[in-house]
Amino acid sequence: MSLPDYKSTERPASSALALSSVVHLNVGGHLFSTSLSMLRKHPDSKLAELFSAPPKLRTDPQGRYFIDRDGSHFGAVLEFLRSEQLPTANILEVHREAVHYNIKPLIKRLEETPPLFGELVGRQQFLAKVPHYKENIEVLIRIARAEAVATRHSSILICVLRTDEDLGFHDNAINNLEADKDSLVTFGPWRATPSVKDLLDCVKMDIERRGYRVSIEPHVTGRLFLSRSYNFFYKLTFTWW
C-alpha cells in the first residue's frame, strides 16, 4: 500500500515566480507588491539573491513571499528601487535596512545625506579617537542598572580628561574627590577638535538611543588642591520612572 501524498503548505516559490512577474511580499507583517525585475534591479544585492531562481524564501498561508524582518521601513527601500527617491525621515533606520539588503546605491546615497554624513564622517570619527568610548558606555549602563533597585534615579560620576595635561592632574583630582570613587568612569584624553561638551553630548545621545532617560550636570568637588579647582567631573543621572 502506498503512502498518501501529503502536500506541503509552503508552496514552492519557483513555481509562483514562473507564473507572473508580480511579486507579493509579507515583510514581518507589512504587505507589499512589486515586480520581480524591481527586486532583482541590483544583481549583487541580498534582495536579488533571495529572488534568484529558485527563490530562497518561504510563503505565508496566503502565498505571499515571507521575509522574517521588521518591515516598517521596507517601503522606503522599495520606493528607492522604483524611483531612486530618498526618504525624508527615519534616515538611520532606512540605512540599516539598506545595509541588511546590501543595496549599495541606496547605502551610498543615504550616507551622503546630512544626518548620516555628520554621524559617520564627524561624530563617529571623533569617537574613534576617544579611548574605550564604547566600553565606557556599556559600563555606565551596567552600573546604573545595578543601582536602580527601589529608586527613581541612578547617579554615576564621570571624569572627562580633554588633554594630556588634564591627565597629569588626574590622580590629584581623584584624591580630592568627595564622592564614591569606585564607580567613577573616565573618558579621554583625545586628540581631536571636539570639546568636553561635545563628548558629553555624545554620551547622552548614545545612552538615550538605547532607550534610557539621562541628564548630565557638572559635579563640583568642593575642595582645592594647591589652589586649583578641578572641573573634570560630571554627574550622569538615569531616571527610571
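Exposed means over 50% relative accessible area, buried under 20%, and partly exposed in between (1.4 Å probe, protein chains only). The model is predicted, so to say: local features need pLDDT of at least 70, side-chain atom pairs count only at pLDDT 80 or more, and totals for chains, interfaces and linings use all residues. Residues are numbered from 1 along each chain as its sequence is written, and side-chain values use heavy atoms, without hydrogens and water.

Back to His132. The residue is not a glycine, yet its phi is positive, at about 60°. His132 sits in the loop that runs between helix 7 and helix 8 (133-146). Helices (H or I, at least four residues) and strands (E, at least two) are DSSP runs, numbered from the N terminus.

Ala150 is another non-glycine residue with a positive phi, here about 55°. The loop holding Ala150 lies between helix 8 and strand 5 (153-160). Ala150 counts as exposed, with 85% relative accessibility.

Now the backbone feature at Pro189. Gly188 and Pro189 are joined by a cis peptide bond, with omega about 0°. Pro189 belongs to the loop between strand 6 (185-187) and helix 11.

Next, the whole protein. The count is 11 helices and 8 strands. The protein has 241 residues, and 40% of them count as buried. Among contacts (heavy atoms within 4.5 Å) with a separation of 6 or more, 66% are between residues 24 or more positions apart.

Which residues does helix 11 use against helix 7? First the geometry: helix 7 (residues 114-127) and helix 11 (residues 196-208) have axes 11 Å apart, at an angle of about 100°. Axes are lines fitted to C-alpha atoms over the stretch in contact, and angles run from 0 to 180 degrees between N-to-C directions. Helix 7 is therefore roughly perpendicular to helix 11. The cut-offs are 65 to 115 degrees for roughly perpendicular, over 145 for roughly antiparallel, under 35 for roughly parallel, and oblique for the rest. Helix 11 contributes Leu199, Cys202, Met205 and Asp206, while helix 7 contributes Arg123, Phe126 and Leu127. By class, this contact has 5 nonpolar residues, 2 charged and no polar. Ala, Val, Leu, Ile, Met, Phe, Trp, Tyr, Cys and Pro are nonpolar, Asp, Glu, Lys and Arg charged, and the others, Gly among them, polar.

The second pair is helix 5 (residues 91-101) with helix 6 (residues 104-111): their axes come within 9 Å and cross at roughly 155°. Helix 5 and helix 6 are therefore roughly antiparallel. On the helix 5 side the contact is made by Ile91, Val94, His95, Ala98 and Val99, and on the helix 6 side by Leu106, Ile107, Leu110 and Glu111. These residues divide into 7 nonpolar, 1 polar and 1 charged.

Last, His170. Is His170 buried or exposed? His170 is part of helix 10 (residues 170-175) and counts as buried, at 18% relative accessibility. Leaving out residues up to four places away in sequence, His170 touches Cys159, Leu161 and Thr186.
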